[in-house]
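Subject: Structure for you to look through

Dear colleague,

I am passing on the structure we talked about, together with some notes on what was found in it. Please open it first and keep it beside you while you read.

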Amino acid sequence: RAVDIEADIVVLGAGPGGYTAAFRAADLGKKVVVVERGPALGGVCLNVGCIPSKALLHAAKVLEDADEMTEAGLGFTRPQLDLDKLRRWKSGIVSKLTGGLAALARQRKVIVVTGFGRFVSPNEIEVTHEGATKRVAFTQAIIAAGSEPARLPIAPKHDSRILDSTGALDLQDVPPRLLVVGGGIIGLEMATVYHALGSRVTVVEAMDQLISGADRDIVAPLMKRISTRYDAVHLGTKVRNIASAAAELTVTFEGANAPEEQSFDKILVAVGRVPNSGTLGLAAAGVAVDQRGFIRVDKQMRTNVPHIFAIGDVVGQPMLAHKAVHEGKVAAEVAAGLKAAFDARVIPSVAYTDPEVAWVGLTEAEANANGVAYGKGSFPWEASGRALSQGRSEGLTKVLFDPETHRTLGCGIVGAHAGELIGEMVLAIEMGADAADIAGTIHPHPTLSETIAQSAEMFEGTITDLI
Ligand code: FAD
């Protein structure tokens with residue numbers, strides 16, 4: 001078949017990894033074609049992930065704050081919830097961003113081909129859209145096909161009451177009783193939204209801790225808060241069966257502390273994500289995947305086929321947008337002949353729950369499991385003037401240091417704006433800052449960021465005041 005478009009670099013998928021790689025490669029003078037099956041650029045993150053979830057979480061926070069300020073003498077009438085308007089507001093934010101991306105692509109003369117792309121040889125991708133096909137020939141390719149929600153094998157298929165994160169973000173209604181299966185970041189963020197909107201929420205998590213990547217003490221304030229507000233949070237519990245014949249969904253559970261059978265109006269399944277690698281025709285290009293379907297890459301983001309790169313969720317954990325973006329830049333630069341490699345020391349994680357949970361680098365659990373020596377400094381937010389004046393003092397900042405060199409190894413923060421605060425610690429680790437550097441840096445007062453310097457002072461034994 002004849003080739004329709006020739007590209008120096010074809011990028012398969014236009015999520016954060018893909019559009020970053022495409023824009024960087026175009027800026028470096030390459031003729032770039034992006035193949036995207038969805039109607040808009042931006043991938044999961046912009047369309048059905050990071051951005052719409054944060055918009056709804058902001059709405060949730062406003063509702064919660066209004067409720068909590070009654071304690072400070074501020075009374076509000078019950079908020080009126082206009083679900084259609086909320087949905088439109090969220091979609092407006094998404095369209096603004098995806099529209100911006102389309103303009104940026106045009107400016108750079110990046111060609112966007114809409115349709116489902118599949119390798120048909122090591123140098124050609126076939127794109128199918130509404131029955132028509134196009135062939136794109138390329139010198140190099142960057143696979144950025146992302147991931148999709150993992151399914152719960154026992155969940156009935158095609159039942160509109162069983163949602164994944166995309167369905168939950170769609171906000172069709174506010175179910176009176178919502179079961180969230182999976183106590184990871186995505187499940188808990190959506191639980192936060194629906195609880196604020198008025199659902200009674202139950203969470204089940206198979207592990208013995210929510211957000212299992214973070215330390216237990218960092219998750220504890222979140223666990224404490226939601227345990228009293230939600231109907232229940234069941235740890236060490238799995239869903240055994242979902243009976244869907246009746247008007248409500250009846251669920252049985254298993255595990256040491258499994259509750260009795262219960263009924264729900266909707267169920268959100270948030271049990272992880274799987275790479276979108278199975279339908280890309282990777283065999284035709286000779287690209288290898290591991291047992292879980294992740295494409296194998298080296299530090300230059302090259303697959304086993306030297307002119308084909310892969311980035312983002314499709315190459316493995318952590319499945320985070322900022323990791324995909326960073327990898328996208330590396331792949332584009334290597335493809336354009338620059339010397340580049342993925343050499344980030346750490347990748348931060350944030351759960352935008354209420355309170356937020358953020359961590360980076362070494363955790364105590366990891367240190368203990370691997371016999372890594374560490375010292376720590378921590379600062380409870382009950383002693384932070386700023387946290388107290390915001391009426392939310394349940395937070396904690398904890399920083400781990402090398403006991404000999406005092407270099408920063410890791411940090412966990414729980415509390416309001418923890419996600420904003422963690423950036424400083426990412427920089428500290430990247431720059432090799434030690435405890436004295438952090439303690440000796442003047443932080444503005446009164447801010448939550450002071451708790452970072454105070455943690456370092458705690459470790460150094462130089463703390464003088466607790467305000
Ligand atoms: P994706 O964003 O998945 O994009 C892949 C693109 O490839 C998609 O547009 C898809 O349509 C396209 N594609 C796939 N196969 C083909 C094909 N064969 N042909 C054509 N196109 C194809 N991460 C964060 O860092 N912060 C957050 O706050 C955050 N919140 C999230 C909330 C939710 C509800 C979810 C689900 C995810 C969240 N994430 C968050 C994760 C984040 O969305 C992903 O890590 C990120 O989108 C991965 O980017 P990517 O470029 O690898 O792939």
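Which residues does UniProt list for "domain: FAD/NAD(P)-binding"? The unreviewed entry gives residues 8-328. Please keep in mind throughout that this is a predicted model.

The ligand

The ligand is surrounded by 36 residues, of which the closest are Gly13, Gly15, Gly43, Gly146 and Gly312. If you sort the residues of this shell by class, you will find 17 nonpolar, 16 polar and three charged. Several elements supply at least two residues each to the shell, namely helix 1 (16-27), strand 2 (32-36), helix 2 (43-48), helix 3, strand 4 (116-121) and helix 9 (321-335).

Helix 1 and helix 9

Two of the helices that contribute to the shell around the ligand, helix 1 and helix 9, also pack against each other, with axes that come within 7 Å and cross at roughly 30 degrees. Because angles under 35 degrees count as roughly parallel, helix 1 is described as roughly parallel to helix 9, and the crossing is right-handed. On the side of helix 1 the contact is made by Pro16, Gly17, Gly18, Thr20, Ala21, Arg24 and Ala25, while helix 9 brings Ala321, Ala324, Val325, Glu327, Gly328, Lys329, Ala331, Ala332, Glu333 and Ala335. By class, this contact has nine nonpolar, four polar and four charged residues.

Helix 3 and its two partners

Helix 3, which spans residues 50-68, has an axis that comes within 9 Å of the axis of helix 6 (residues 185-197), and the two cross at roughly 45 degrees. That angle makes helix 3 oblique to helix 6, and helix 3 passes helix 6 in a left-handed crossing. The residues that meet here are Ser53, Leu56, Leu57, Ala60, Leu63 and Glu64 from helix 3, and Glu189, Thr192, Val193 and Ala196 from helix 6. Counted by class, the contact has six nonpolar, two polar and two charged residues.

Helix 3 also packs against helix 4 (residues 83-107), at an angle of about 140 degrees and with the axes 9 Å apart. Helix 3 and helix 4 are therefore oblique to each other, and this crossing is right-handed. Here Ile51, Pro52, Ala55, Leu56 and Ala59 of helix 3 make the contact with Leu86, Lys90, Ile93, Val94 and Leu97 of helix 4. This contact has nine nonpolar residues, no polar ones and one charged residue.

Binding sites in the record

How are the residues that UniProt lists under "binding site" arranged in the model? One set in the unreviewed entry consists of Gly182, Gly183, Gly184, Ile185, Ile186, Gly187, Leu188, Glu189, Glu205 and Gly272. Although these are spread over 91 residues of sequence, they cluster in space, with a largest C-alpha distance of 14.0 Å.

Another set in the unreviewed entry consists of Lys54, Gly117, Asp313, Met319, Leu320, Ala321 and His322. These are spread over 269 residues of sequence and are also spread in space, up to 29.8 Å between C-alpha atoms. Met319 lies in the loop between strand 17 (308-310) and helix 9.

Backbone points to check

Most residues other than glycine have a negative phi, and most peptide bonds are trans, so a few places in the backbone deserve a look. The peptide bond from Gln317 to Pro318 is cis, with omega near -10 degrees, and Pro318 is found in the loop between strand 17 and helix 9. The bond from Asp354 to Pro355 is also cis, with omega near 0 degrees, and Pro355 has its place in the loop between strand 18 (349-351) and strand 19 (356-361). Finally, Ile211 has a positive phi, near 40 degrees, in the loop between strand 10 (200-204) and helix 7 (216-229).

With best wishes

How values were computed
Residues are numbered from 1 along each chain as its sequence is written. This is a predicted model: local features need pLDDT of at least 70, side-chain atom pairs count only at pLDDT 80 or more; totals for chains, interfaces and linings use all residues. Axes are lines fitted to C-alpha atoms, for helices over the stretch in contact, and angles run from 0 to 180 degrees between N-to-C directions. Helices (H or I, at least four residues) and strands (E, at least two) are DSSP runs, numbered from the N terminus. Angles under 35 degrees count as roughly parallel, over 145 as roughly antiparallel, 65 to 115 as roughly perpendicular and the rest as oblique. A crossing is left-handed if the near helix is turned anticlockwise from the far one by less than a right angle, and right-handed if clockwise. Two residues are in contact if their C-beta atoms, placed from the backbone, lie within 7 Å. Ala, Val, Leu, Ile, Met, Phe, Trp, Tyr, Cys and Pro count as nonpolar, Asp, Glu, Lys and Arg as charged, and the others, Gly among them, as polar. UniProt positions are given in the numbering used here, feature names are shortened, and annotations may be inferred rather than shown by experiment. A residue is near a molecule or strand if its C-beta atom, placed from the backbone, lies within 6 Å of it.
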